[in-house]
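Let's take a friendly walk through a protein model together.

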Amino acid sequence: MEAAGLSPVTLSVEAADPQGAATLARGLDACDPALVLLFGSPRTALDPLARQLAAALPETCIAGCSSAGEIGPQGYQRGTVVAIGFPRRAFHARTVALRDQGAIPVSAWLSELRQLRDAFPPTPGWSQFGVLLADGTACHEDVLVSAIDAALPGLPVVGGSAGDGLAFEESSQILGGAVVPGAAVFVLVETALAVAEVSFAHFTPTARRAVVTRADPARREIQELNAEPAAQEYARLAGLDPDRLERADFARHPLLLKTGRRHHVRAIRGLGEDGGLRLLSAIEPGTVLTLGQAGDVTAGFAAALDALPRPPLMVLGFDCILRRLAVEQAGMTDVMTDLFGRYRVCGFNTYGEQISGMHVNQTFVGLALMEPEAGAPDAA
């Protein structure tokens, strides 16, 4: 099967451009998209643009969210809207809004996800995957990914937690031509292309550990580590001044949670009240955490993508905002831009990432789309 006409098409416009929706519609129309994913900032720009785009492409599923930054044709972007069109010749898609994240109606979510699955039987010879766009300020990604894993076992699912720059206050999720307040958007996709999950993080565990002795799970806040004020004990373990802790320190010295043989980041987004630490992931009292040490933020990224069986036609990527900040602070933005261009990475910067039934932080996760293996059925 030839890849021509099957590859996703990526475009971007300035968020403030009054003709942005028209520009995107013209650029996407040629590929006859079954699905368009929209990622952009500021969040207020998405609603009117999505409404106009939905009117211009009435036969297309449109889903998206606000971001902490975009990954588009120019690499890292800000103040833009990135649109990824998935051509109907090689993709089919259905969507559902998992509403009321604040109330966590898991039974309703499971029912809706199973109805979506039953209404979307797989095409023989095609692959299926899911994309989850969660509200990064609702703090329930762990429950969402568990619900999806239970309803759709074995389905590769990647995604990101929506944000709005570095405000950590509100986010917007888009379904069709409208904002869906308080909801997570889930997209079930099938494709004639080959797919592979990608995950990369630039940290290593140290020998220093701590027990969460007091925490507020609802607020994702650690109040005590090793029975000491959390920020003070964290600073001691990391060899930092507790009175001068900054976001860059948290990015260089993440807290890690070991699951099986792997360590996953439980990223610190800032200081809480009374010496606490606010995280981007769920935390419970009694959890054992390991102090991590960040390495070269770009080293190994190319190796992870070169390990794919074939060069990707595109990588749908979700990159933690803390990784982007680390890249910028290290003066390596151009290096990362070149890597994104080489592997055709497009997506957005997140408040958290979802992959393989887990919510993680400070990690790049993605889904590589590749030409099918020789002998695979042609696209319908």
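## Aromatic pairs

Searching the whole structure turns up 10 aromatic pairs. Here, rings of Phe, Tyr and Trp (its six-membered ring) pair if their centres lie within 6.5 Å; planes under 30 degrees apart are stacked, over 60 edge-to-face, and the rest tilted. Take Tyr 76 and Phe 340: their ring centres are 5.2 Å apart and their planes stand at 85 degrees, so this pair is edge-to-face. Tyr 76 belongs to strand 5 (residues 75-77) and Phe 340 to helix 9 (residues 333-343), so the pair ties together parts that are 264 residues apart in sequence. Helices (H or I, at least four residues) and strands (E, at least two) are DSSP runs, numbered from the N terminus.

Are these two residues buried or exposed? Tyr 76 is buried, with a relative accessible area of 9%, and Phe 340 is buried as well, at 2%. Buried means under 20% relative accessible area, exposed over 50%, and partly exposed in between (1.4 Å probe, protein chains only). Tyr 76 and Phe 340 also belong to one aromatic cluster with Phe 200, Phe 301 and Phe 364.

## How the model was read

This is a predicted model: local features need pLDDT of at least 70 and side-chain atom pairs pLDDT 80 or more, while totals for chains, interfaces and linings use all residues. Residues are numbered from 1 along each chain as its sequence is written, and side-chain values use heavy atoms, with hydrogens and water left out.

## Two domains

The chain is divided into domain 1 (9-200 + 298-370) and domain 2 (203-294), with bounds from an automatic or database domain assignment. Their centres, taken over C-alpha atoms, are 28 Å apart. In all, 16 residues of domain 1 are in contact with 17 residues of domain 2, where contact means heavy atoms within 4.5 Å.

## Where the domains meet

Across this interface there are 3 salt bridges, each a side-chain nitrogen of Lys or Arg within 4 Å of a carboxyl oxygen of Asp or Glu. On the side of domain 1 that touches domain 2, the elements giving two or more residues are helix 4 (141-151), helix 8 (321-329) and strand 25 (358-360).

## A look at His 264

His 264 sits in strand 18 (residues 262-266) and is buried, at 10% relative accessibility. Leaving aside residues up to four places away in sequence, His 264 touches Leu 255, Leu 256, Leu 257, Thr 259, Met 358 and Val 360.
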